[in-house]
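Biologist: Can you walk me through this one? Start with the ligand, then the folds around it.

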Amino acid sequence: MEKRGLLYEGKAKKIFSTTDEFTVWIEYKDSATAFNGEKKETIEGKGRLNNLITSLLFTSLKEKGIESHFIKQVSDYEQLVKRVEIIPLEVVVRNIAAGSLAKRIGWEEGTPLKSPIVEFYYKDDDLGDPLLTVDHIEQLELASVEELKTLKEMGLKVNTILQELFNEVGIQLVDFKLEFGKDVDGKILLADEISPDTCRLWDKETGQKLDKDVFRRDLGSLTDVYSIILTKLGGPQHV
Ligand code: C5P
């Protein structure tokens, strides 16, 4: 399999075509962005950490029956994945009130939720990724009611698996964002990435934030905390 031309460049990744029409080549970038691109920095090594962490997590999820676009990691910064058409929804699953939910419902950050909450956001930078109701999603024809049911079920299943995985290594999975895509046969697959960029992860003992809030809120070195996550998950040491 060979890497061909650039298909798309996003905030955190570049996507290239390959010699196989059903496969694309992803390159993780060393850029960190927050607040819809308003805060932006280059952080050496970040792309490698997210690539390695995502590869480990997608591999663990596959072992537990969750199908994703992930095929294999090809280098420190690169992955091969199945070509999918991304559903323009961000599926957020929450276990503990934090971030925008804490703000929206007026709860103190860190308050446990009675049961996990699933939310859908419109993946649209111009609109600032707004929260959508099921009626909005139907009106916009972004997904059918049946598909939304599948997304919610898959989100909750991923939550159960990841909660257990992180819990075993002393980390609390506060919340996370998933994206899904459809393959050539219309099958829904988990896509994009799962990394400290897309999850809130807190040390169970100390409460230390080990995720992108470190960058959003200027709390220290992002690569230091992402390296802690990689190491705890059994990945190679930071180089
Ligand atoms: O900001 P908010 O509290 O809604 O974020 C919920 C979770 O979704 C966090 O883990 C955050 O990192 C993730 N997220 C993301 N990409 C977005 C919005 C949120 O990865 N565009």
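Modeller: The ligand has 14 residues around it, the closest being Gly 99, Ser 100, Lys 177, Thr 198 and Arg 200. A residue counts as near a molecule if its C-beta atom, placed from the backbone, lies within 6 Å of it. This is a predicted model: local features need pLDDT of at least 70, side-chain atom pairs count only at pLDDT 80 or more, and totals for chains, interfaces and linings use all residues. Residues are numbered from 1 along each chain as its sequence is written.

Biologist: Which elements give two or more residues to that shell?

Modeller: β9 (89-96), α2 (99-105), β12 (171-182) and β14 (199-203). Helices (H or I, at least four residues) and strands (E, at least two) are DSSP runs, numbered from the N terminus.

Biologist: And the shell by class?

Modeller: 5 nonpolar, 3 polar and 6 charged residues. Ala, Val, Leu, Ile, Met, Phe, Trp, Tyr, Cys and Pro count as nonpolar, Asp, Glu, Lys and Arg as charged, and the others, Gly among them, as polar.

Biologist: New topic. What is the strand order in the open sheet of 5 strands?

Modeller: β1-β2-β3-β7-β6, with antiparallel pairing. Two strands pair if DSSP finds at least two bridges between them. β1 (3-9) and β6 (70-73) are the edge strands, each pairing on one side only.

Biologist: How many bridges link β1 and β2?

Modeller: 4, in the antiparallel sense. Tyr 8 has Ile 15 in β2 as its bridge partner.

Biologist: Which strands of the sheet does α1 touch?

Modeller: Helix α1 (residues 46-63) packs on the sheet against β3 (23-28), β6 and β7 (78-82). Its direction makes about 130° with that of β6. Axes are lines fitted to C-alpha atoms, for helices over the stretch in contact, and angles run from 0 to 180 degrees between N-to-C directions.

Biologist: What about α1 and α6? What angle there?

Modeller: About 20°, with the axes 10 Å apart; α6 covers residues 222-232. The two helices are therefore roughly parallel to each other, a label for angles under 35 degrees.

Biologist: Which α1 residues meet α6?

Modeller: Lys 46, Leu 49, Leu 52 and Ile 53. Their α6 counterparts include Leu 222, Tyr 226 and Ile 229. Contact requires C-beta atoms, placed from the backbone, within 7 Å. By class, the contact has 7 nonpolar, 2 polar and 1 charged residues.

Biologist: Last one: where is the positive phi in the β4 and β5 hairpin?

Modeller: At Phe 35, near 55°. The hairpin has 4 residues between its strands. β4 (residues 31-34) and β5 (residues 39-42) run antiparallel, joined by 4 bridges. Thr 33 stands opposite Lys 40 in β5.

Conventions
Contact = placed C-beta atoms within 7 Å. Parallel < 35°, antiparallel > 145°, perpendicular 65-115°, else oblique.
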